[in-house]
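Subject: Structure for you to look at

Hello,

Here is the structure I said I would pass on. Please open it first and keep it in view while you read the notes below.

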Amino acid sequence: MTEEPDTRLARLARAGDQELTGLHRGPGASSLLRAVTAEPYETVARPWWRWSARPARTLGLAAAALTVTTAVVVLGPGPLGGATSYANSAIAVDREGEFFVARIKDPLADRTAYREAFDAVGLDVAIDLVPAPPDRIGVLLRTSGGDGTASSELVPTGPEAVDCRREPTACTMVIRISADTGGAVRYTLGRAARPGEQYQDPSVDDGVPDHPRGPGN
């Protein structure tokens, strides 16, 4: 006769709380505790390369992001030890034969930007652009100091033909300075006046204007 499953489970050995009390203090429990604590504890270190690879790549990307392309172009050296060409956002200067040819890209820029370019090509040249009547824009109004020769003109900025005397703002001011110019020299040229700006007389050293105001007045 086959016993029912419930009958077989009922016949299994059972231990109550009263039988288990104090067993953790017995010799068997103490022996087991000593065996467990006697085993050496090993720590598993994470491979260093798993963590350093990401920071290294991050630093590389950060360095690339900090790379800045400037608006300055320098070519050289020239016969005097300076560059043969230099350009920034305000002016471009190139050696063409016996002359350095300067093209004014921003006639309202700070004069130090012009000086920077001439210093780079080995010339001690300063450029002053002053508000002038339309017929005097791009004209070399005054030269002081130094030696050598210089000239100026207006040339169309774009490919279309333009009468620069009638439309000077559509043209670029070009200054040609002999490469053998020596000493410190300052050139004063006329530029288009801003609205409300007075024309300046370049023959007056202190810059006091004695011409009518520019456009808009």
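Ile91 sits in strand E3. Keep in mind that this is a predicted model. Is Ile91 buried or exposed? Its relative accessibility is 0%, so Ile91 counts as buried. Leaving out residues up to four places away in sequence, Ile91 touches Tyr86, Ala102, Arg103, Ile104, Lys105, Ala113, Tyr114, Ala117 and Phe118. The C-alpha atom of Ile91 is 9.6 Å from that of Arg115, and the two residues are 24 apart along the chain.

Ala92 belongs to strand E3 as well. With a relative accessibility of 15%, Ala92 is also classed as buried, because the cut-off for buried is under 20%. Apart from neighbours within four places in sequence, the contacts of Ala92 are Tyr86, Ala87, Val101, Ala102, Arg103 and Lys105.

Now the strands that pair with E3. Strand E2 covers residues 85–87 and is joined to E3 by three bridges, with the two strands running antiparallel. Within this pair, Ser85 stands opposite Asp94. The link from E2 to E3 is a hairpin of three residues. E3 and E4 also run antiparallel, and six bridges join them. Here Asp94 stands opposite Val101 of E4. What lies between E3 and E4? Two residues do, making a hairpin, and Gly97 in the turn has a positive phi of about 65°.

In soluble globular proteins, nonpolar side chains tend to be buried together. The largest nonpolar core in this model has 27 residues, and those that touch the most other members are Ile91, Val93, Phe118, Val125 and Ile127. At least two residues of this core come from each of strand E3 (91–96), strand E4 (99–104), H5, E5, strand E8 (171–178) and E9. For Val93, residues up to four places away in sequence set aside, the contacts are Thr84, Ser85, Tyr86, Phe100, Val101, Ala102, Ala117, Phe118 and Val121.

There is also a sheet to find. Which strands form it, and in what order? It is an open sheet of three strands, ordered E5-E9-E6, with mixed pairing. Strand E5 (125–132) and strand E6 (140–144) are its edges, each pairing on one side only. On average, neighbouring strands in this sheet are turned by 20° against each other, with direction ignored. E6 and E9 run antiparallel and are joined by four bridges. One place to look is Arg142, whose bridge partner in E9 is Thr188. Helix H5, residues 111–120, packs on the sheet and touches E5 and E9; the direction of H5 makes about 145° with that of E5.

Strand E9 (residues 185–192) also holds Arg191. Is Arg191 buried or exposed? Arg191 is buried, because its relative accessible area is 7% and buried means under 20%. Its side chain reaches the backbone oxygen of Leu129 at 3.4 Å. Once neighbours within four places in sequence are left aside, Arg191 is in contact with Pro107, Leu108, Leu129, Val130, Pro131, Ala132, Ile137, Met173 and Glu197.

A disulfide is a covalent bond between the sulfur atoms of two cysteines. This structure holds one. It is formed by Cys164 and Cys171, with sulfur atoms 2.1 Å apart. Which hand does the disulfide have? The torsion about the S-S bond is about -95°, so the disulfide of Cys164 and Cys171 is left-handed. Both Cys164 and Cys171 are buried.

Last, the chain as a whole. The protein chain has five helices and nine strands. Along the sequence, their pattern is α-α-α-α-β-β-β-β-α-β-β-β-β-β. Of its 217 residues, 27% are buried. Taking contacts between residues at least 6 apart in sequence, 50% join residues that are at least 24 apart.

Regards

Technical notes: Residues are numbered from 1 along each chain as its sequence is written. This is a predicted model: local features need pLDDT of at least 70, side-chain atom pairs count only at pLDDT 80 or more; totals for chains, interfaces and linings use all residues. Side-chain values use heavy atoms; hydrogens and water are left out. Buried means under 20% relative accessible area, exposed over 50%, partly exposed in between (1.4 Å probe, protein chains only). A polar contact is a pair of N or O atoms within 3.5 Å; within protein, one must be able to donate a hydrogen and the other to accept it, and residues adjacent in sequence count only if both atoms are side-chain atoms. Contact means heavy atoms within 4.5 Å. Two strands pair if DSSP finds at least two bridges between them. Axes are lines fitted to C-alpha atoms, for helices over the stretch in contact, and angles run from 0 to 180 degrees between N-to-C directions. A nonpolar core is a set of buried Ala, Val, Leu, Ile, Met, Phe, Trp, Tyr and Cys residues joined through side-chain atoms within 4.5 Å. A disulfide is a pair of cysteine sulfur atoms within 2.5 Å.
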